[in-house]
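Please read this briefing alongside the sequence and the model.

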Amino acid sequence: MTSLRTSRVGTRSLAGAAFAAAGLLATLLAAGPASASPDPGDLTPGGAGSRQGANAAPDGRELAPGEIPGQDEIVHSRNIKQLANIPSTDPTSINSDLAFQGKYAYAGNYSGFTIYDIGNPKAPKTVSQVLCPGGQNDISVQGDLLFLSTDSSRSDDSCNSVSQPATEKSSWEGIKIFDIKDKKNPKYIKSVETNCGSHTHSLVPGDRGDVYLYVSSYSPSEAFPDCQPPHDGISVIKVPKKAPTRAAVVSFPILFPDGGNPGGPANPGVSKTTGCHDITVLPSKNLAAGACMGDGILFDISKPEQPRVIDRVQDNVNFAFWHSATFNEQANKVVFTDELGGGGGATCNEATGPNRGADGIYDITGRGDQRKLVFRGYFKIPRHQADTENCVAHNGSLIPVGGGRDIMVQAWYQGGVSVWDFTDSANPKEIGYFERGPLSTDALQVGGSWSAYYYNGHIYSNDITKGLDVLRLDDWRTESAKWVWLDRLNVQSQPEYR
């Protein structure tokens, strides 16, 4: 593969393309809080506002009950402190997911990805930036390989591609594979096209060091040659460890033989299931949890090429779009997120209420094939956001505190970063937060934390417009997590922490 462009520290910002927003945003606003839509896609991120200097960490303050902070104002609970921020070099591009390996953080964005050196969390440094446009550029790493998801129709599989309608047979979407042995000069080595593209992907260990990718995608159409309905499963890619350029799709397991949730009009305001949005695998238990538009599933991955559904649940009252999943450390709970409004809506307000656009907490009961997902409660941040702030449950990870306590950190777009305790599944509570005030007080603009993950003693947040934030959490309930050290973290491939 050719046409890979990188830039080093100190070079000028990426020339990312601007993304069209008006149509989808208008739909979200007109539909109201009951509607379901996919991720922001080609939404234009809001203005960057007053930008911090690289690594600046201004003091914030704690919010008063019911207060909404001023425009761009930083606020946080007493137990969280911002250590650093590296501003986005291209405010027109959307920052997306994060992965970690050793002293490096890998941050996806709709223009490509950035590699950061986080060896000193107080002073992270940009190592390289790769320009390879294609939303969402969901990202993961394994050894010397980096995997990037493309779920936007492109003219070809190169890093020089341009947008092209999915109605054209020559259009390309799927997985891109990079060699990252040299962090300053990643090399694009392989692409694998997948049906309906790759919105997200999850790494699954295979035999002899090989790795599988579970590729989630959705929204087929009769008009799309490479994304035909029905699309009731996932693409499984095998990547041979010794020959990664031989990576290829090896199966397409059907997860919804009955078609899944029909959505509206049978279930008003609920997305029709036409694939999965995100899958979290737990290799140590041969389990996976899938967030699949209108359905949540638990499945067995003991045979990686043939995942098998154990149980399936729906919530046709409060969930609009099943978005992502997180197991607790004991693997007896799953937290599913609902991305009401598709990430572009203001759903953390009083009008939407506490149970919609929230997390759903499910206990796993029974054993073997008799395991069931049993609903216990909802969690939503208790801080109301302005009607100009996109806010809904989004990407998060466990904080590995052990001892039977369940705590995670989570991104809520402009709702910021939330740390919350779900040890009592029916009575979860927020124990810490970090957020900025609205990007605009006049009109809804898209921004905020896309992903917030805990890695080796710190919280890292990839903010759509503001760049990489590094946070320190000091709380007696999470102190034990500082002793848990990982050599890598792909959150959708959940590790066994102890």
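Which side chain meets that of Lys372 in a salt bridge? The partner is Asp311, at 3.9 Å from N to O, where a salt bridge is a side-chain nitrogen of Lys or Arg within 4 Å of a carboxyl oxygen of Asp or Glu. This is a predicted model, in which local features need pLDDT of at least 70 and side-chain atom pairs count only at pLDDT 80 or more, while totals for chains, interfaces and linings use all residues. Residues are numbered from 1 along each chain as its sequence is written, and side-chain values use heavy atoms, with hydrogens and water left out.

**Salt bridges**

- Asp311 is buried, with a relative accessible area of 10%, whereas Lys372 counts as partly exposed at 40%; buried means under 20% relative accessible area, exposed over 50%, and partly exposed in between, with a 1.4 Å probe and protein chains only.
- Arg477 forms a salt bridge with Asp475, the closest N and O atoms being 2.8 Å apart, and Asp475 is itself buried, at 8% relative accessibility.
- Glu479 and Lys482 also meet through their side chains in a salt bridge, at 3.5 Å from N to O, and salt bridges that share partners join Arg472, Asp474, Glu479 and Lys482 into one network.
- Glu479 is partly exposed at 37% relative accessibility, and Lys482 is likewise partly exposed, at 26%.
- The count under this rule comes to 23 salt bridges.

**Aromatic rings**

- There are 16 aromatic pairs, counted where rings of Phe, Tyr and Trp (its six-membered ring) have centres within 6.5 Å; planes under 30 degrees apart count as stacked, over 60 as edge-to-face and the rest as tilted.
- Phe319 and Trp322 form a tilted pair, because their ring centres are 4.6 Å apart and their planes lie at 55°; both Phe319 and Trp322 are buried.
- The rings of Phe375 and Tyr378 are also tilted, with centres 4.7 Å apart and planes at 50°; here Phe375 is partly exposed at 34% relative accessibility, while Tyr378 is buried at 19%.
- Ring pairs link Phe319, Trp322, Phe336, Tyr362, Phe375 and Tyr378 into a cluster.

- Strand S16 (residues 278-282) is largely enclosed by the rest of the structure, because 5 of its 5 residues are buried.
- Both faces of S16 are covered, with Asp278, Thr280 and Leu282 buried on one side and Ile279 and Val281 buried on the other.
- S16 pairs with strand S17 (residues 287-292) in the antiparallel sense over 5 bridges, two strands being paired if DSSP finds at least two bridges between them.
- Thr280 stands opposite Ala289 in S17, and in the hairpin of S16 and S17, which has 4 residues between the strands, Asn286 takes a positive phi near 55°.

**An open sheet**

- An open sheet is formed by 4 strands in the order S8-S9-S10-S11, with antiparallel pairing.
- Strand S8 (136-142) and strand S11 (187-193) are the edge strands, each pairing on one side only.
- S8 pairs with strand S9 (residues 145-154) in the antiparallel sense over 5 bridges, and the bridge partner of Ser140 in S9 is Phe147.

Key
Helix = DSSP H or I, 4+ residues; strand = E, 2+ residues; numbered from the N terminus.
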